Amino acid sequence: MANIRCVNIRKSYGGHSVIENLNLDIADHEFVVFLGPSGCGKSTMLRMIAGLEDITGGTVSIGDRDVTHLHPGERGVAMVFQSYALYPHMTVEENIAFGLRRQKVPQAEIARRVQHVAGLLGLESFLQRKPKNLSGGQQQRVAMARAMIKTPKLFLFDEPLSNLDAKLRERLRTEIRKMHLDLKTTTIFVTHDQLEAMTIADRIVLMRAGAIEQQGTPSEIFDRPATRFVADFIGSPAMNFRGCVVSRDGGSVSLVAGSIRLEVPASEFDGLQHGAKVEVGLRPSKMDLAAEGDLNAISGKIILVENMGSEAQVIVDVDGQEMSFVTKAFRTLEPGQPVSFSIEPASIHVFSKETGRSLRKAG
Amino acid sequence: MVRLIRSSLARIFLALMVFVALTPILWTILGAFKRLKDIVTPVPKLFFSPTLENFVTILQNPSIRQGLGHSVIVVGASVIIGALLGVPAAYSLARHVRTLKGDLQFFVLSLRFMPPVAIAIPFIVLYLDLGLYDTLAGLILVYLVTTISTVIWLSVPAFERVPKEIEEAAAMEGCGPGEIFLKFSLPIAMPSLFGALVFTFVLVWNELLLALTLAAGNATLPVVAASITSLGKEVPWGVINASTVILVIPPLVFIGLLMSFINGMMKPARR
Ligand SMILES: Nc1ncnc2c1ncn2[C@@H]1O[C@H](COP(=O)(O)OP(=O)(O)OP(=O)(O)O)[C@@H](O)[C@H]1O
Ligand SMILES: [Mg+2]
């Protein structure tokens, strides 16, 4: 078990810089998820911590030991790969026990530990099979068993679930989370699936183009996105964005765009001068059908109702542009009908047009 | 019903093809056990009293026995040394060389472009000066050009097919580069490497021209076999058939041995 500290990490391939001065601290026992769009450098970061990729600049320490130049095998780290990377010429049991056999751990001890992890992951009946005779989910479990048996200080997962079907992905996600509750090993988990990140993480590190855009708990990231990029990346269905003009009238501040007029508490935001142009973000899941006399109601004409089972995403034409909101009371809604929906002032996000940063005051 | 007819037609066609392909071989094997009078009959004989005479003749013939010995030494040495040098070279090419990789591979292949005669004549001159002419060592040296380049050329793709993540997973368990090569890349690539080795073996086992020009005094089996066919009018067909069988047996045995070796490698010994 250990804390991880990355200081001024840089990585370039040839002259092409992929990661620029990245600083990151991970506490002992923490479950951190690297999240971000494809190509933002999540895997590169993970592989540098693992020692599989040279670090161009900066230092990585694991448990207060500088490991920047150590061989991957000397860092006390175990990794689970997206492709599982099981050894095809060995049985499941040999795959799991390889690391211990190599370290000349006594035979009886190996047998005991193999039995233990195989029991935890439900692999007892497959121990003598070759990996190619296992299903994808079983192979994934073997890969996890192989990582677990070494009792590493740090677990690294690089998109371990992305080759599995949705149901199995959900189940293994829960299993990984439960395993972490038991073992409390510090874990870094890479994914580009924001739902997976939200459900599994203690803390999400959201990356964009080789830099950290925002980090925080899943609810911080969801409820208080620091930038328009984060707001857009997190949440499904995706957030609605509208360019608005600020209108100050005495104590109250309104954001106006066509027929839309949203009132927000001025004290919670910075830089809302009269006439300023801003970008307003409204989460579909935070909006619902408006009741009579609701504040911040938006009206439009229904284009489409997408049934998602217990609720539906309603796509509405507002001033010629599409917006969407989510409601449970969708059974009576029909395309073509006029509709009116509203949002709490506390859920309105305002971003600077120039920097994309949130204008909401911190705290 | 139509499907049944079609599938049985396909089977009959397949059987016919196999028959056509195998008959000459079977006929040769049968011929190896026949006396000359059973071979030179107007009506081919399927039933005859078999004899081992032909094999006895061959194996008692000192030049054939010697040829067999020479072949085994020359081909064995050049294939083994070729594999020992070529396989690791192919691995480094596949894994560690980025720049010039294509050029290097092409250079290796280009060693096989030259016709054997073009290699033979300069080598005769060189070997006469070096005292290697008509020696087995000289022949092994020339064959090494063939075996190393063929092994490299065929092994690079075999190693490229080994997933990189497997080597990385092994590195995460603490294995160094040598251990990764011996315990992971080599056994995983082995089935494809095996094909490369067999191909290389057959290539030099059947080699005639270089053997004829560079080591006629220490003739290998193909050279001896070639000389038997020009014995004159009284062609000893049975002996020729038997020598063909003998020529073919070593590659078959070699393939069989390698196969069982591979199977052993794929199941690492349990301690
Ligand atoms: N060997 C390499 N040579 C050159 N550029 C590379 C190399 N490996 C990665 N890159 C670049 O580094 C950047 C980050 O890659 P990385 O694999 O870390 O992305 P990622 O966030 O893991 O994406 P994904 O979600 O698709 O896995 C990409 O722009 C990629 O093109
Ligand atoms: Mg990746």
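How much area do chain A and chain B bury between them, and what percentage of it is on carbon and sulfur atoms? The two chains bury about 2100 Å², 57% of it on carbon and sulfur atoms. Buried area here is the accessible area (1.4 Å probe) that two parts lose on being put together, summed over both. In chain A, Tyr87(A), His89(A) and Arg102(A) lose the most area to chain B, together 29% of what that side buries.

A quick word on the model: it is predicted, so local features need pLDDT of at least 70 and side-chain atom pairs pLDDT 80 or more, while totals for chains, interfaces and linings use all residues. Residues are numbered from 1 along each chain as its sequence is written, chains are lettered from A in the order in which they are written, and side-chain values use heavy atoms, with hydrogens and water left out.

**Where the chains meet**

Counting contacts (heavy atoms within 4.5 Å), 27 residues of chain A meet 19 residues of chain B. There are three salt bridges between the chains, each a side-chain nitrogen of Lys or Arg within 4 Å of a carboxyl oxygen of Asp or Glu. One of them joins Glu168(B) to Arg47(A), with the closest N and O atoms 2.8 Å apart. On the chain A side, α1 (42-50), β6 (77-80) and α2 (92-102) each give two or more residues, and α2(A) supplies the largest share, six residues. These helices (H or I, at least four residues) and strands (E, at least two) are DSSP runs, numbered from the N terminus.

**A mostly covered helix**

Glu168(B) is also one of the buried residues of α8(B). Seven of the nine residues in this helix (164-172) are buried, and they pack against α1, β6 and α4 (136-148) of chain A, plus α4 (62-95) and α9 (177-205) of chain B. Just after α8(B), Gly174(B) has a positive phi of about 105°.

**Two residues side by side**

Buried means under 20% relative accessible area, exposed over 50%, and partly exposed in between (1.4 Å probe, protein chains only).

| Residue | Place in chain B | Relative accessible area |

Thr51(B) touches Ala32(B), Phe33(B), Lys34(B) and Arg35(B), leaving aside residues up to four places away in sequence. A polar atom of the Thr51(B) side chain also sits 2.9 Å from the backbone nitrogen of Glu53(B).

Terms used:
Polar contact = N/O pair within 3.5 Å; in protein donor to acceptor, adjacent residues only side chain to side chain.
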